[in-house]
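Thanks for coming, everyone. Please bring the structure up on your screens, and we will walk through it together.

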Amino acid sequence: MKKLSKDNKGFTLVEMIVVLVILAILAAILIPGLLGYIDDAKNKQLEIHGKAVYTAAQATASKYYAKNKPIAGDKDFAGLVKSLSELSTFGENAKAVVYFNSGSGSETYKVSGISYTESENEDPTVYFKSGKNAEWTTKKPDGFPSGSGIEIK
């Protein structure tokens with residue numbers, strides 16, 4: 001039988017397997033957590049883009065109110081909001097639907113809700129409903145405006 005020399009350097013098979021098992025355990029713990037951060041970042045990006053469209057829609061609506069010009073049925077409104085919010089830079093499938101208050105006078109020029117998406121299948125979508133507890137969410141809030149809004153794409 002040959003004697004193993006003492007200057008033999010390197011890792012044994014058992015040591016290599018232990019290191020691989022430890023790496024696999026770390027990956028199993030970290031990857032789902034990192035994927036959650038990626039989804040959160042995508043939702044925040046949608047929210048930021050949605051806020052830009054909301055701000056552009058409300059600013060354009062205020063201009064219409066100052067000119068006493070009706071929003072409904074105006075073909076220029078969507079184009080003005082698109083250019084002011086720079087919607088075309090958010091992706092080729094970016095789309096927003098803006099809803100206005102019903103009623104009369106200045107109330108009809110206030111944005112009551114908005115839905116915004118950047119994908120063809122409309123998932124994920126962020127929603128905003130104006131009011132006391134106004135916030136952006138990925139779930140359609142209770143009392144979200146129904147009916148036809150003004151589509152901007």
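**Charged pairs, strands and a pocket**

Let me start with one residue. Glu107 is partly exposed, at 34% relative accessibility. Buried here means under 20% relative accessible area, exposed means over 50%, and partly exposed is in between, with a 1.4 Å probe and protein chains only.

Now the ground rules. This is a predicted model, where local features need pLDDT of at least 70, side-chain atom pairs count only at pLDDT 80 or more, and totals for chains, interfaces and linings use all residues. Residues are numbered from 1 along each chain as its sequence is written, and side-chain values use heavy atoms, with hydrogens and water left out.

Back to Glu107. Its side chain meets that of Lys110 in a salt bridge, at 3.2 Å from N to O. A salt bridge needs a side-chain nitrogen of Lys or Arg within 4 Å of a carboxyl oxygen of Asp or Glu. Lys110 is partly exposed too, at 39%.

How many salt bridges does a search of the whole structure find? The search finds 3.

Another one joins Lys51 and Glu47, with the closest N and O atoms 3.3 Å apart. These two residues sit 4 apart in helix H1, residues 13-66, so about one helical turn separates them. Helices are DSSP runs of H or I with at least four residues, strands are runs of E with at least two, and both are numbered from the N terminus. Lys51 is partly exposed at 38%. Glu47 is buried, at 16%.

Then there is Glu151 with Lys153, where the closest N and O atoms are 3.5 Å apart. Glu151 is partly exposed at 38%, and Lys153 is exposed at 58%.

On to the strands. Is strand S2, residues 111-117, mostly covered or mostly open? It is mostly covered: 7 of its 7 residues are buried. S2 pairs with S1 in the antiparallel sense, over 6 bridges. Two strands pair if DSSP finds at least two bridges between them. One example is Lys95, whose bridge partner in S2 is Thr117. S2 also runs antiparallel to strand S3, residues 125-129, with 5 bridges joining them. There, Tyr116 has Val126 in S3 as its bridge partner.

The largest pocket has a volume of about 240 Å³. Of its 16 lining residues, the closest to the centre are Ile71, Ala72, Phe100, Thr108 and Ile150. A pocket is found on a 1 Å grid over the protein atoms alone: an open set of points where a 1.4 Å probe fits, with protein on both sides within 12 Å along at least five of seven lines, and lining residues have an atom within 4 Å of a point. Grid points are joined across faces, edges and corners, and the volume is the space filled by probe spheres set on the points.

Which strand gives the most to that lining? Strand S1, residues 95-100, does, with 3 residues.

Last, two backbone angles. Asn68 is not a glycine, yet has a positive phi of about 55 degrees. Asn68 lies in the loop between H1 and helix H2, 75-85, and is exposed at 65%. Glu86 also has a positive phi, near 60 degrees, and is not a glycine. Glu86 lies in the loop between H2 and S1.
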